[in-house]
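Hi,

Here is the structure I said I'd pass on.

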Amino acid sequence: MTKKRICVFTGTRAEYGLLRPLMEEISSDPDLQLQLLVSGTHLSPEFGLTFNEIEKNGFCIDEKIEILLSSDTHVGTCKTVGLGLISFGEAFERLEPDCAVVLGDRFEAFAAVAAAMISNVPVAHLHGGESTLGLIDEPIRHSITKMSHLHFTSTEIYRNRVIQLGESPLRVFYVGALGLDSIKRLELLDKKTFENRAGFCLGSRSVLITFHPVTLEKNSAGEQVEQLLSALDHFPDLFIIFTKSNADEQGRLINHMISDYVKSRSNCVIFTSMGQQLYLSAVKHVNAVVGNSSSGIIEAPSLFTPTVNIGIRQGGRIKAESVIDCKPVSTEIIPSMEKALSKEFQLKTAGIKNPYEKEDTVKNIIKILKQTNFDTLEIKEFFDFPIIPRIFESKFNTTEGKK
């Protein structure tokens with residue numbers, strides 16, 4: 001029997017960390033053939049050449065596609081998407097996959113999915129239906145949904161949203177968050193081993209900080225990072241681990257500001273890329289995760305670590321009780337961090353339930369991929385969601401308006 005060729009796309013370090021357990025299962029399944037399409041920051045020296053980590057984990061990369069420009073503007077992002085659309089189309093022509101697997105809402109993923117759709121390659125989309133109000137990723141995610149053919153969502157609410165977008169319920173599956181399988185499968189480091197590997201002591205209190213641009217707020221990155229760094233000065237005894245920002249517009253500005261901050265302080269360290277095991281071990285051992293990364297919303301609660309979620313970047317997401325939301329100003333960041341670091345909140349976090357957790361996420365995805373006849377997926381009908389009763393009527397349509 002011919003193996004089904006499953007082409008997994010990855011364009012960032014974070015995305016790969018989430019996809020890795022799925023890639024391992026595809027690779028080991030006798031009925032499936034893993035194809036790997038690697039692009040984006042993985043191939044950039046500026047972001048750590050993280051394709052090396054993929055190969056060290058034992059994966060063979062079928063296609064390395066360079067598309068990322070050394071730019072920090074929306075024009076550069078547009079050109080990257082255009083280059084990706086051209087290059088990914090050529091890659092799919094060479095690989096001839098039965099299905100492409102894409103996660104999330106990045107602009108690199110958008111280009112890959114658009115190329116797959118035009119190339120008549122069915123797409124399986126992970127983490128559809130979610131909401132990130134402060135980002136261009138919000139409409140990109142929903143656009144990917146409309147170009148995809150199978151959908152694997154992290155909660156039942158997000159499954160309903162995908163159906164609301166016109167996708168057939170028969171093709172939308174609630175499987176849980178993929179990254180939580182990594183936590184269960186990986187052997188995380190104990191505190192002492194982590195400190196030795198990281199070359200950094202966590203001290204009595206520590207935090208892990210990742211701060212990304214809020215792409216729908218123009219030129220806000222510098223001011224918001226300034227407010228965050230000012231808030232950190234309020235905690236002189238705190239040991240701080242920074243991970244660098246992604247390749248979004250103004251990401252390089254954030255990295256420059258943080259690097260300057262770390263240079264003059266012995267209680268801080270910055271990583272371009274920690275790798276999945278080291279990063280998740282850090283989440284486990286620090287007293288709080290701070291910033292605006294999705295990992296603070298999805299992964300941190302399963303490691304019982306409090307999160308201070310700053311600003312609107314993750315606005316709209318379902319959140320566990322361990323997540324504290326605050327505005328990107330020091331006067332709100334400081335009390336939010338004090339709350340997260342308090343013994344009372346630490347104890348409360350130890351007993352919370354993560355809304356993204358579900359058993360056998362990867363196994364269920366594999367089962368569905370194996371059962372699916374991809375030849376029948378190319379033609380999609382729009383599923384009409386049941387009409388929702390109108391709550392707000394136009395004043396021109398009310399009885400009073402007609403009189």
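Helix H5 (137-147), strand S6 (150-153) and strand S7 (172-174) are what the buried residues of H6 pack against. Keep in mind that this is a predicted model.

Which residues of H6 are buried? In H6, which spans residues 156-164, they are Tyr158, Arg159, Val162 and Ile163. These four sit on the same side of H6, because they cover an arc of only 145 degrees around the axis.

At the N-terminal end, Thr155 caps H6, with a side-chain oxygen 3.4 Å from the backbone nitrogen of Ile157. Just after H6 comes Gly166, whose phi is positive, at about 100 degrees.

Most residues other than glycine have a negative phi, but Phe304 has a positive one, near 60 degrees. You'll find Phe304 in the loop between helix H12 (295-298) and strand S12 (307-310). Is Phe304 buried, partly exposed or exposed? Its relative accessibility is 44%, so Phe304 counts as partly exposed.

Asp360 is another non-glycine residue with a positive phi, in this case about 55 degrees. Asp360 belongs to the loop between helix H14 (343-349) and helix H15 (361-371). With a relative accessible area of 40%, Asp360 is partly exposed.

Cheers

Notes
Residues numbered from 1 in each chain as written. Predicted model: local features only at pLDDT ≥ 70, side-chain atom pairs only at ≥ 80, totals over all residues. Heavy atoms only, no water. Buried < 20%, exposed > 50% of the residue type's maximum accessible area, 1.4 Å probe, protein only. Helix = DSSP H or I, 4+ residues; strand = E, 2+ residues; numbered from the N terminus. Arc of directions from axis to C-beta. Contact = heavy atoms within 4.5 Å. Polar contact = N/O pair within 3.5 Å; in protein donor to acceptor, adjacent residues only side chain to side chain.
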